[in-house]
Amino acid sequence: MFCEKPIDHDVSRIKEVLAALEGTGLKYQVGFNRRFDHNFEAVQRAVASGKVGTSQIIKITSRDPEPPGIDYVKVSGGMFLDMTIHDFDMVRFLAGCNATEVYAQAANLVDPAIGEAGDVDTAVITLQMENGAIAVIDNSRKAVYGYDQRAEVFGSKGMVSASNDSASSAVISNEDGVTAEKPLHFFLERYMDAYGKEIAAFVDAIVNDKETPLNAEDGLQPALMGLAAQKSLQEHRPVQISEIQ
């Protein structure tokens with residue numbers, strides 16, 4: 001079974017899926033496609049191989065080029081569960097562990113209609129990870145220059161970072177200034193290859209009887225982080241993941 005994210009917005013229902021899968025041997029993969037992006041794969045490999053030492057600070061920037069329609073906003077579960085959930089998964093991917101605490105600050109700065117629908121469109125989230133690292137995610141529903149997707153891991157031995165993809169790496173330098181191309185427009189352009197690779201990995205797990213690269217537990221943890229972020233914003237305080245579990 002290939003399941004798009006999130007498995008559900010309700011933790012108890014996600015746990016029902018986990019219970020139903022237990023002992024079945026069923027191949028179950030959750031669609032966090034960004035793990036298969038060539039940039040983020042390279043960052044994760046560098047961290048996992050020890051090239052930056054012990055991870056201390058993880059930074060994720062994720063900003064969409066334009067906000068979604070209000071009809072979508074009303075049913076999406078909120079920005080933390082439809083947009084930031086990818087970044088919660090990416091933090092886990094790069095840290096190699098789960099989060100223990102989440103603190104969110106957010107506002108409605110892009111589109112008043114989003115606020116009227118009960119959601120936010122701009123956020124900064126800090127997370128404490130099990131391995132001691134501190135992670136920071138910043139989100140916006142509208143970056144006028146394109147789809148802004150960057151990541152950085154700073155550690156005891158150095159740093160690894162990934163910048164945006166663009167149509168070309170050409171930089172024009174002349175009397176008017178130094179200019180380069182904007183980032184690729186949106187997720188289909190940026191992550192088309194990643195979508196293909198995640199399906200190939202799913203098929204490989206079936207054909208060669210391997211574990212899927214992301215399972216239902218990988219669907220649960222980002223949902224817990226998203227719900228913790230919602231609670232943090234509502235109550236103006238850091239929230240332990242254990243409170244949501």
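How many aromatic pairs does the count come to? The structure is a predicted model. Taking ring centres within 6.5 Å as the rule, the count comes to four aromatic pairs.

**Exercise 1.** Classify the ring pair Phe-2 and Phe-202.

Solution.
1. The ring centres of Phe-2 and Phe-202 lie 5.5 Å apart, and the cut-off for a pair is 6.5 Å.
2. The two ring planes stand at 65°; planes over 60 degrees apart count as edge-to-face.
3. The pair is therefore edge-to-face.
4. Phe-2 belongs to strand β1 (residues 2-3) and Phe-202 to helix α7 (residues 187-207), so the pair links distant parts of the chain, 200 residues apart.

**Exercise 2.** Describe how helices α1 and α8 pack.

Solution.
1. Two packed helices are described by the angle between their axes and the distance between the axes.
2. For α1 (residues 11-21) and α8 (residues 216-235), the angle is about 170° and the axes are 10 Å apart.
3. Angles over 145 degrees count as roughly antiparallel, and α1 and α8 are therefore roughly antiparallel to each other.
4. The crossing of these two helices, α1 and α8, is left-handed.
5. On the α1 side, Val-11, Ile-14, Leu-18 and Leu-21 make the contact; their counterparts in α8 include Ala-216, Glu-217, Gly-219 and Leu-220.
6. Sorted by class, the contact of α1 with α8 has nine nonpolar residues, one polar and one charged.

**Exercise 3.** State how strands β9 and β10 are joined.

Solution.
1. Strands β9 (residues 171-174) and β10 (residues 177-180) run antiparallel, with four bridges between them.
2. Gly-177 in β10 is the bridge partner of Asn-174.
3. A hairpin of two residues connects β9 to β10.

Terms used. Residues are numbered from 1 along each chain as its sequence is written. This is a predicted model: local features need pLDDT of at least 70, side-chain atom pairs count only at pLDDT 80 or more; totals for chains, interfaces and linings use all residues. Side-chain values use heavy atoms; hydrogens and water are left out. Axes are lines fitted to C-alpha atoms, for helices over the stretch in contact, and angles run from 0 to 180 degrees between N-to-C directions. Angles under 35 degrees count as roughly parallel, over 145 as roughly antiparallel, 65 to 115 as roughly perpendicular and the rest as oblique. A crossing is left-handed if the near helix is turned anticlockwise from the far one by less than a right angle, and right-handed if clockwise. Contact means heavy atoms within 4.5 Å. Ala, Val, Leu, Ile, Met, Phe, Trp, Tyr, Cys and Pro count as nonpolar, Asp, Glu, Lys and Arg as charged, and the others, Gly among them, as polar. Two strands pair if DSSP finds at least two bridges between them. Rings of Phe, Tyr and Trp (its six-membered ring) pair if their centres lie within 6.5 Å; planes under 30 degrees apart count as stacked, over 60 as edge-to-face and the rest as tilted.
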